[in-house]
Amino acid sequence: MATQKLYAGAKLRETRQRLGLTQKEFASKLGVSLPYLNQMENNNRPVSTTVVLALAQEFGFDVTELSTGDSERLVSDMREALADPLFADNMPPLADLRLTASNAPALARAFLDLHRAYRQTHERLASLDEALGREDRGSQQSPWEEVRDFFHYCDNYIDAVDRAAENFARAAGPGGIRLHALKSLKSAGLKVNFNDSAPVRHYDADTRTLTMSSRTAPETQTFQLLLQIALLQQNKLLEATLDLARFQSEEARSIAKIGLANYFAGAALMPYGDFLAEAQATRHDLELLSHRFGASIEQIAHRLSTLQRPGAKGIPFFFVRVDQAGTITKRHSATRLQFARFGGACPLWNVHRAFETPGRFLRQLAETPDGVRYISLARDVSKWGGSFGAPVRRFAISLGCEVRHAADLVYADGLDLSNPQTFEPIGISCRICERQTCHQRSVPPLERRLTINTNRRELLPYKVE
């Protein structure tokens, strides 16, 4: 059978323009002549194997995108938009979507623009909620918030750092990643000491000595060893990534560097390919994964939320950590569920109840005001001080995904997914939650009229119109 030729001129041109390269610069990086590139961009010649390999090696390009034409992309985008609960069960047949994409692409794009505008309206309300939450904090982002948004808009996946960590983990021998990390540091001329009175991690650059606390959990020690490797042996990669991010302050850049080093450590402890395969094989059983990779439950949950590598994506999870006051201290969402940036999470969410049942996983079926249904898993992750009188840091984490992925989660077993009554109503923030009868509402919703009756009192002292 003859091999089908690949014509992807529009995608090549789009990639070049996104990178800000001229045809001459792009041709040089791809190892082809300028006329040859011009012919490929105009579909006068098929894309060669050399160019496909160069795209992957030079730019980390997902070459599977080359074989996806505009029509197929439109169909995919329309299916994603129509999966919105707004359309309920009105999904048109696939044949109709393909006809629309091929025969009326302008109509398809107009529909997508309309749906995008609808989603942006909700985002505008979320932004207004953020502005109100920030009103006493100044209008400029803090360095911490800037870094948080950087990871959020990267979908919590940093490809170059993730792959570098995976390559480091591959070199680990029978002794495992901890022994490999120790050998790597010692071969670089570092002395590694464990001390009962030391902080969690301290590196003295003058004496090239790394001192670690012997009182911390083994998984924490391994994580900190890998973090130090990232700071010392992967510094050029981290700095290059920070250059691309263009942070507004040195404080934000420094915080982000620690974040990237943490990312490397987690990705080396739980290398992408192996971790994704084990997660799927165990149906995302956090305890089994914790035992398999020598990581804490929190580290496992956080890593599951980062599995967004193009061409090999895992389940889109949300991950959040809260303290006892309900303040969110870590957050990421690859789902449509977004968290309040200021204040606490919805009090109806099971993550708050995790403090009441230490050591146990709590399951919850929940529905947000936009009609999307989720399965949410919560557990406390208190961090003991290691000695009598040492302070205990108390947190709870939640990991969840849309209920359509329930078959791939061991935690969904035995839950009644078909009964709408089993899904608890939760929100994001009281200011943008439009539920009228919520008994836990703290403030009225934005952009809704209120009626106050001094002669009548129900759950709330006002009625939302």
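The structure is a predicted model, in which local features need pLDDT of at least 70 and side-chain atom pairs count only at pLDDT 80 or more, while totals for chains, interfaces and linings use all residues. Residues are numbered from 1 along each chain as its sequence is written, and side-chain values use heavy atoms, with hydrogens and water left out.

**Overview**

The protein chain holds 16 helices and 13 strands. Both are DSSP runs numbered from the N terminus: helices are H or I with at least four residues, and strands are E with at least two. The chain has 465 residues, and 42% of them count as buried. Buried means under 20% relative accessible area, exposed means over 50%, and partly exposed lies in between (1.4 Å probe, protein chains only). Among contacts (heavy atoms within 4.5 Å) with a separation of 6 or more, 57% join residues 24 or more positions apart.

**Cores**

A nonpolar core is a set of buried Ala, Val, Leu, Ile, Met, Phe, Trp, Tyr and Cys residues joined through side-chain atoms within 4.5 Å. The largest one has 69 residues, and Leu-226, Phe-264, Leu-286 and Leu-304 touch the most other members. Helix H13 (residues 250-269) gives the largest share of this core, 10 residues. Another core, of 18 residues, lies apart from it and includes Val-322, Leu-337, Cys-346 and Val-372.

Leaving out residues up to four places away in sequence, Leu-286 touches Ile-297, Ile-300, Ala-301, Leu-304, Phe-361, Leu-377, Leu-399 and Tyr-411. Ile-297, Ile-300, Ala-301 and Leu-304 are among the buried residues of helix H16. Helix H16 (residues 297-304) has 7 of its 8 residues buried, so it is largely enclosed by the rest of the structure.

**The sheet**

Six strands form an open sheet with mixed pairing, in the order S7-S6-S10-S9-S8-S11. Strand S7 (328-333) and S11 are the edge strands, each pairing on one side only. Two strands pair if DSSP finds at least two bridges between them.

| Strands | Sense | Bridges | A facing pair |
|---|---|---|---|
| S8 (residues 362-367) and S9 (residues 373-380) | antiparallel | 6 bridges | Leu-362 and Ala-378 |
| S9 and S10 (residues 395-402) | antiparallel | 7 bridges | Leu-377 and Leu-399 |

**Cysteines and a loop**

With a disulfide taken as a pair of cysteine sulfur atoms within 2.5 Å, the count is 0 disulfides. Cys-154 is partly exposed, with a relative accessible area of 28%, whereas Cys-401 is buried at 0%.

His-439 sits in the loop between S11 and strand S12 (450-451). Its contacts, leaving aside neighbours within four places in sequence, are with Leu-348 and Leu-459. The C-alpha atoms of His-439 and Glu-458 are separated by 9.7 Å, and the two residues are 19 residues apart along the chain.
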